[in-house]
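Colleague: I would like to go through the labels on this one. Please give me the cut-offs as we go.

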Amino acid sequence: MTDTSPDVQAHFDELMRQCSGSDRVRMMSEMFDFAKALVLSNLRTTHPGATDVELRVLLFDRLYGDDLDPVEHGTVVARLRGEQKPV
């Protein structure tokens with residue numbers, strides 16, 4: 001579903017094609033950093049006593065929690081917490 005008219009989408013697509021690959025990667029990286037900052041802000045609000053390590057785990061869960069099977073998820077969380085877990 002989109003609420004963007006086809007002519008506006010075509011214009012946007014053309015603008016993106018005019019950007020270099022490195023410019024598109026830079027824009028994507030900046031958008032991800034901004035999204036991450038928004039999520040961290042929300043996590044700090046909803047978990048005011050969370051340590052930096054707990055915030056890293058919460059951020060990981062929010063961004064990637066559904067993408068890994070439980071074993072992989074547990075391995076990543078253990079590493080984020082600084083625990084040693086066999087691979």
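This is a predicted model: local features need pLDDT of at least 70, side-chain atom pairs count only at pLDDT 80 or more; totals for chains, interfaces and linings use all residues.

Modeller: Residues are numbered from 1 along each chain as its sequence is written, and side-chain values use heavy atoms, with hydrogens and water left out.

Colleague: Why is the contact of Arg 17 with Glu 14 called a salt bridge?

Modeller: The term needs a side-chain nitrogen of Lys or Arg within 4 Å of a carboxyl oxygen of Asp or Glu. The closest N and O atoms of Arg 17 and Glu 14 are 3.2 Å apart, so the pair qualifies. By this rule the count comes to three salt bridges.

Colleague: What makes Arg 17 exposed or buried?

Modeller: Buried means under 20% relative accessible area, exposed over 50%, partly exposed in between (1.4 Å probe, protein chains only). Arg 17 has 56%, so it counts as exposed. Glu 14 has 34%, so it is partly exposed.

Colleague: How do you know that Asp 23, Arg 26 and Glu 30 are linked in a network?

Modeller: Arg 26 forms a salt bridge with Asp 23, at 3.8 Å between the closest N and O atoms. Arg 26 also meets Glu 30 in a salt bridge, at 3.4 Å. The three residues are therefore linked through salt bridges.

Colleague: What is the relative accessible area of Glu 30, and what is it called?

Modeller: Glu 30 has 44%, so it is partly exposed.
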